[in-house]
Amino acid sequence: MAASQKLYAALFHVLLLSLFPLKARSSARTQAEALIQWRDTLSSSPPPLTSWSRSNLHNLCSLPKVRHLDLGANYLKNPDWSKFSMPSLEYLSFFLNELTSEFPAFITNCRNLTYLNLSINGFTGQIPELLYTNLGKLETLSLSDNSFEGPLSPNISKLSNLKNLSLQNNLLSGRIPESIGSMSGLQIVELFNNSFQGNIPSSIGQLKHLEKLDLRMNALNSTIPPELGLCTNLSYLALAVNKLSGELPLSLSNLSKLTDMGLSQNSLSGKILPTHISNWTELTSLQVQNNFFSGNIPPEIGKLTRLQYLYLFDNNFSGSIPPEIGNLKELTNLDLSKNQLSGPLLPTLGDLTKLQILNLFLNNINGKIPTQVGNLKMLKTLDLNTNQLHGELPQTISNITSLTAINLFSNNFSGSIPSDLGKYMPSLEYASFSNNSFSGELPPELCSGLRLQKFTVNRNNFSGSLPTCLKKCSGLTRVRLDENQFTANITDAFGVLPNLVYVALNDNQFIGQISPDWGECKKLTNLMMDGNRISGEIPPELAKLPELQRLSLGSNDLTGRIPAALGNLSMLFKLDLSNNHLTGEVPRSLTRLKGLQDLDLSNNKLTGNIPKELGSYEKLSSLNLSHNNFSGYIPFELGNLNWLQYLLDLSRNSLSGAIPQNLEKLSRLEILNVSHNHLSGRIPASLSSMGSLSSYDFSYNELTGPLPTGGVFQNASARYFVGNPGLCGKAGLSQCPKTESSKSSKVNKKVLIGVVVPVCVLLVIATIFAVLLCFRQTKIVSNGESSKSDLLDPRLEAPTGQAAEEVVFVVRVALACTQTKPEARPTMHVVAQELSARTQAYLAEPLDSITISKLRNFQK
Amino acid sequence: MAHLYLLSVFLSLLLSISPSLSSNSEGNALHALRSRLVDPTNALQSWDPALVNPCTWFHVVCDSNSHVTRLDLGNSNISGTLGPELGQLKHLKYLELYRNDIGGKIPKELGNLKNLVSMDMYGNKFEGEIPKSFAKLKSLIFLRLNNNKLSGSIPRELTTLKELKVFDVSNNDLCGTIPVDGPFASFPMESFVNNRLNGPELKGLVPYDFGC
């Protein structure tokens, strides 16, 4: 703490203490002198605060005749209470200090105390019984805002003169003692924010002078005792945030002096009857929200003409809002939301000219908004969301110049929004018109106050252009214009909005281009523009959005290449560039998007190979590359996409070569589509083990051989294989020439595989084995530079194409058979399967760069 | 500091409790889920309960009626536990929580997800038993609970799940025998390895919880 503050604090205390002789009604000369002496020592040199409170306070310890001691609002820390003795005290306050001890024992000897205030400290432990037995003259007991714990003793009733009991904000528990009813002088009882349980004692009804009863925020679980209605002087009744149940006792109607009634957040039920409330004409605040009250809102509510707060929200009230509510001319806050209110909004609502908050959301209110709503000149919040309101908004709504929030979403509104809405609303921050049938243009000056933060109009029929003020609303965090008919040019519609987090412009007819300025909206997490007519190229500036997680630009007229810089969007989990006219290759940098879960580049004009690096995505669950001009092989690395689940769609490209057997590892994949390519070879038999596959399509390729059987192919429909003239086996396809239906031929084939293949393999092994032992880095063919011997006869022409693949495949299998550990070698069954299926034929790299060591990784 | 405290006391004296903007049970359920989870990489940062519904939250997918149909939180570095409120997502089809660090028991209320097609909880730290209530998941096709710490036996009630195509409980601490009825007739043995299971049940010979 700054030295000046310390000085100030010390001087304050000196002043305070200098008043002591005046406050003490009969100050003995000796004591006054002692105080003055003490004051002098202080004023000569103000000591540090802590030493003052710890040591010098002790000078005050023994003042046997002081009657009035007020040390409130200081920084006193724990003194040695055992040295304290002030038996004549009548008034004692340690209010707002830093005392954290147990209850100071000396106080229980101050038998003349009428006023005791220890509130707002850190006192702990239980309230001593001696307090009740010794301090019978107490009129005020305030121990609030401490950490007192334990139950409240029934002996509290011995404080028979008590008028004011303030124990709120402690850790007290147990029941509220029934004996409290015998403390007939009680005027104020504040027990809120403790852990009291059980019932509200019915004996409270005996407290005829009770004016304020505050039992909020406990765990009271009884009903409201009818006897409470006998406390006819009660003006403040607060029972909120307990577990009270049952109905309101009719006797409460006697509480004609009530000004504040708070019953919120209980489990109260039943109706609020006309008789309940008719006498509550003094009421300024009626809060019964978050209960289970039902029935109509009684028209007699109109008698409570002093009401400022009427909170009935989150109950089961039904029926219509009584027109008499218009009598409540003082009302500032009206919240009837989350009920089952029906019927129309009545014109009398417009009489509530002091209203600041009008919340009627989540009801079944129908009809139109009455024009009189324009009279609510003080209104800040108008929230009518999720009702059945219809028709056009009244022109007068534009007159509510104080509005900061207008929420009309999820109704049946139609027509256009008044064209001057917003023009006279300099404070408008939240505007939502979503999920209605609004049409026409947005009011051009809707955001002219430039305070707009959340602006959502999605799912309407809005058309035309956007308010030009949008780009100046630098506080905007959320903008949803999706699912409308906007035809605006968005190139310059937004500019740089530094606080924008979420923007959805999708499913409109926006034209123009994607502005590079989006790259300056540094907080953007969501940018959706799909389903428009946006043209031009994707600006590489988008890559400057460090928080971007979802980027959807699909179904537009975008051209050019995919910017390589997009690989910098490290937070991206969804990237949708589908249905555009994008050209060029897939930038390898996209594989840096390690968090990507959903990649959709389908329906473009992308060319080149499918990058094998795509197989390194660690979280990808859906990959769609269909409808492009990709060529080359399907990289076997795609089989490493362990978490691929929803989709792998490579259809309608120009892919050739075989379907990698490796795809069998996609054990969680549900949809596989490789149709409409130039894929050749057999469908790997191992794909039948892709247990999650529920849909696949191999049609219109150049696949050959028999369909795999079993597993997912067991009940395969032919239409997923048509257009492959060489495929055979299943019904609907041609019959396989070698595997006629007769059983004998199957046996023959088994014999063939069982005998011939192992012999072949052994021969291959025999010829290669010796070479391998000597030349582990041997290459298959000479690349002209290597001095090492090559595996193949250099006099022969190096194999190409499918021949090269088969060489590599045979060598790979053969090498596997030469593993030193027997268990690492493939079984003959596996070898037979591989040789007959021949689906391992793929080349990850040029033949002349493949070394033997690279081929020694056959796994099975 | 004391004066700040005074202010807070003063505020607490105010009776009013301001209402939240909306009441969306599915959003509330997901928000309750979020409150149970630890999310060091902020995968759930966009889950703003003040929004009308959870359909714009990341990793949440809704249908056209704004009902949640997919929860994609696989590989998300989240820990914590699940609670009964997840059972309120009545329209959920895909519950993807795989490869995280979520522990505690699998809430039996997940059995209320009548439209669930896929439940992927593999690669977590779930313990306790596989809820029998899963037998109510009549649409379930994929149930992957492998690589957790689940114990007890495989509930026989699961044999009534006609659509179930993939069932993986490997690498847990399950005991008893492996059901053979219904869809269990076709599940490969790899789905059951690394447990304390005693092999396929022999009807009438060994109780299914033999060895538990």
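Is D173(B) buried, partly exposed or exposed? D173(B) is partly exposed, with a relative accessible area of 33%.

## The model and its confidence

This is a predicted model, so a look at the confidence scores is a friendly place to start. For chain A the pLDDT averages 86, and 80% of the residues reach at least 70. Residues 1-55 of chain A fall below 50, and this stretch has 55 contacts in the model beyond near neighbours in sequence. Residues 773-778 of chain A are also below 50, with twelve contacts counted in that way.

## The two chains

Chain A has 860 residues, of which 53% count as buried. Its secondary structure amounts to nine helices and 52 strands. Among the chain A contacts with a separation of 6 or more, 50% join residues 24 or more positions apart.

Chain B has 212 residues, and 51% of them count as buried. Here the secondary structure consists of two helices and 13 strands. Residues 24 or more positions apart make up 46% of the chain B contacts with a separation of 6 or more.

## Where the chains meet

Chain A brings 52 residues to the contact and chain B brings 38. Between them the two chains bury about 3800 Å², with 54% of that area on carbon and sulfur atoms.

How many salt bridges are there between chain A and chain B? The count is zero.

## Salt bridges

Side chains of opposite charge can pair when their charged atoms come close. Over all chains, the whole structure holds 21 salt bridges. One of them joins E85(B) to R36(B), with the closest N and O atoms 2.6 Å apart. This pair links distant parts of the chain, 49 residues apart: E85(B) is in the loop between β4 (79-81) and β5 (94-96) of chain B, and R36(B) is in helix α2 (residues 25-36) of chain B. E85(B) counts as buried because its relative accessibility is 8%, under the 20% limit. R36(B), at 33%, is partly exposed.

R144(B) and D120(B) form another salt bridge, their closest N and O atoms being 2.8 Å apart. The two sit 24 residues apart, R144(B) in strand β9 (residues 142-144) and D120(B) in strand β7 (residues 118-120) of chain B. Both ends are shielded: R144(B) is buried with a relative accessible area of 3%, and D120(B) is buried with a value of 0%. Now back to D173(B), which forms a salt bridge with R196(B), the closest N and O atoms being 3.0 Å apart. R196(B) lies in strand β13 (residues 196-200) and D173(B) in strand β12 (residues 173-178) of chain B, so this pair ties together parts 23 residues apart in sequence. R196(B) is partly exposed, with a relative accessible area of 43%, and D173(B) is partly exposed at 33%. In chain A, salt bridges that share partners join E585(A), R588(A) and E613(A) into one network.

## Aromatic rings

The whole structure contains 34 aromatic pairs over all chains. W81(A) and F106(A) form a stacked pair, 5.8 Å centre to centre with 20 degrees between the planes. W81(A) is in the loop between β1 (68-70) and β2 (91-93) of chain A, and F106(A), 25 residues apart from it, is in the loop between β2 and β3 (115-117). Both of these residues are buried.

Y696(A) and F713(A) form a tilted pair, at 5.3 Å centre to centre and 55 degrees between the planes. Both Y696(A) and F713(A) are buried. F413(A), F433(A), F438(A), F462(A), F486(A) and F510(A) form one aromatic cluster. Within chain A, R216(A) lies over the face of F192(A), at 4.4 Å from the ring centre.

## Two residues of chain A

S626(A) sits in the loop between β44 (622-624) and β45 (631-632). S626(A) is buried, with a relative accessible area of 6%. Leaving out residues up to four places away in sequence, S626(A) touches S602(A), N603(A), D649(A), L650(A), S651(A), R652(A) and N653(A).

P706(A) belongs to strand β51 and is partly exposed, with a relative accessible area of 25%. Beyond residues up to four places away in sequence, P706(A) touches R682(A), C728(A) and C736(A). The C-alpha atoms of P706(A) and L341(A) are separated by 68 Å, and these residues are 365 apart along the chain.

How values were computed. Residues numbered from 1 in each chain as written. Chains lettered and ligands numbered in written order. Heavy atoms only, no water. Helix = DSSP H or I, 4+ residues; strand = E, 2+ residues; numbered from the N terminus. Buried < 20%, exposed > 50% of the residue type's maximum accessible area, 1.4 Å probe, protein only. Contact = heavy atoms within 4.5 Å. pLDDT = per-residue confidence, 0-100. Phe/Tyr/Trp six-rings, centres within 6.5 Å; stacked < 30°, edge-to-face > 60°. Lys NZ or Arg CZ within 6 Å of the ring centre and 35° of its normal. Buried area = accessible area lost by both parts, 1.4 Å probe. Salt bridge = Lys/Arg side-chain N within 4 Å of Asp/Glu carboxyl O.
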